[in-house]
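This briefing concerns a single structure and is arranged by topic. Please consult the sequence and coordinates shown below while reading.

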Amino acid sequence: FIDSVKAREIFDSRGNPTVEADVILSNGIVGRAAVPSGASTGEKEAVELRDGGQRLQGKGVLTAVNNVNTEINQALHGADPCNQAHIDQLMIDLDGTPNKARLGANAILGVSMATARAAAQTTNQPLYRYLGGTDLELPQTFHNVINGGEHADNDIDIQEFLITPVERTSFRDGFEKITNTYHTLKKVIEAAGYTTGLGDEGGFAPNLKSSKEALQMLHTAILDAGYTPGKEIAIAFDAAASYFYNRDTHHYNFEGHTYTPVELGQYYLELLDQFPEIISIEDPYSEDDWDNFAAFTKAYGRRVQIIADDPVCTNPTLIRQAIEKGMANSILIKLNQIGTVTETLAAIRLARKNGYTTMMSHRSGETGDTFVADFTVATNAAQLKAGAPARSERVEKYNQLLRIEETLGVDGTRLAHFPADLKFD
Ligand code: PGA
Ligand code: ZN
């Protein structure tokens, strides 16, 4: 049983404080987990409790830590760590708010993930096996190699340009292709006279003039690395359009232009026509613009994967509404948007049941914790974005997948499933 839970304030990849939690069992086993943090957060995410005030730019998490060490510690003493749903419900009830505002989603998620780790250890299983059972597959990974938007200090409005291996014999084979393309991309960026400093997710953050220029560079890098765009390496992007949406005019202020929603859609179509290797688009419209998001899906949802992130925030209630509206054909899944392992599982199940694909995601502020890698395998989420193949807090997730592949074997590797596997409607 759970003897006690204990949290501490540690620091993430951006140097911001975050919560690390330990769940200590009566048999001496300790499960530990650290909570990530976003920059381009959705409005409806569960509340990340920050102290405010002067200390650490107001970003301290000592209140959340204290909530773990007092109230949550008392509530969980004696509970069975192998009953994840019960533990998570105890914390949801203890919090008593709809968005975990009282205790903090960062406090609750830290304990929720650490509980799963403790339970896996006490039952002598790797985390992915404990959470997932048998018949598991490694995900197709998406790597953010050019960073814009809120993740970089440049003028590109699209937040993430990602590359993904679509033809591979194993996870390792796909990842090797990605690292080759990444290193080639660096040369392409240098040759064009730009700097090769990195953004928050390990991708390059050159001050390019436009999204088209970024896509052209990816296209060139894929070719120069010896691969066929669309056949071996494909492209995806996360527009994170909430961040260039004008809520008063309902227009989009994008790369020096003011676009109506229809014009923005035409721009995306131009990108798709010019770069047919684009297979997935995330948040093409703002989280406040569900009608245009749905209209875009209706128009192009058979051609590309369209992912909803900010509008639904891994929240089953919002996902249900999005599905009713026909918005997107894929759901982005982030544990800390909703705040417990159990609710995240419910979000994934709901999306799948309705024919939506799911992409698991890290946050732009990460730690060395690799929970998300195991969780992706456990849930057969099929897709994972965890940043560039650079910077330890990103690469550690992929290294964990390499370790898992060693155990699962190449037979457990999900091969290319785009686009034939995209089933919706
Ligand atoms: P975030 O970005 O972690 O800064 O929210 C990731 C995303 O928008 O998908
Ligand atoms: Zn996003």
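Which residues are the protein donors of the zinc ion (ligand 2)? In this predicted model, the protein donors are Asp238 (OD), Glu282 (OE) and Asp309 (OD), which lie 2.1 to 2.2 Å from the zinc ion.

**Zinc site**

- Along the sequence, the donor residues of the zinc ion (ligand 2) follow the spacing D-x43-E-x26-D.
- Glu282 and Asp309 link distant parts of the chain, being 27 residues apart.
- Glu282 belongs to strand β10 (residues 278-282), whereas Asp309 sits in the loop between β11 (305-308) and α9 (316-325).
- Glu282 has a relative accessible area of 2% and is therefore buried, since the cut-off for that class is under 20%.
- Asp309 is likewise counted as buried, at 2% relative accessibility.

**Cysteines**

- The structure holds 0 disulfides.
- Cys82 is partly exposed, with a relative accessibility of 35%.
- Cys313 is buried, with a relative accessibility of 0%.

**Packing of α2 and α3**

- Two packed helices are described by the angle between their axes and the distance between the axes.
- For helix α2 (residues 84-95) and helix α3 (residues 105-122), the angle is about 165 degrees and the axes are 10 Å apart.
- Angles over 145 degrees count as roughly antiparallel, so α2 and α3 are roughly antiparallel to each other.
- The crossing of α2 past α3 is right-handed.
- On the α2 side, the contact is made by Gln84, Ile87, Asp88, Met91 and Asp95; on the α3 side, by Ile108, Val111, Ser112, Thr115 and Ala116.

Definitions and conventions
Residues numbered from 1 in each chain as written. Chains lettered and ligands numbered in written order. Predicted model: local features only at pLDDT ≥ 70, side-chain atom pairs only at ≥ 80, totals over all residues. Heavy atoms only, no water. Donors = N, O, S within 2.8 Å, 3.2 Å for Na, K, Ca; no water. Helix = DSSP H or I, 4+ residues; strand = E, 2+ residues; numbered from the N terminus. Buried < 20%, exposed > 50% of the residue type's maximum accessible area, 1.4 Å probe, protein only. Disulfide = S-S within 2.5 Å. Axes fitted to C-alpha atoms, helices over the stretch in contact; angles between N-to-C directions. Parallel < 35°, antiparallel > 145°, perpendicular 65-115°, else oblique. Left-handed = near helix turned anticlockwise from the far one by under 90°. Contact = heavy atoms within 4.5 Å.
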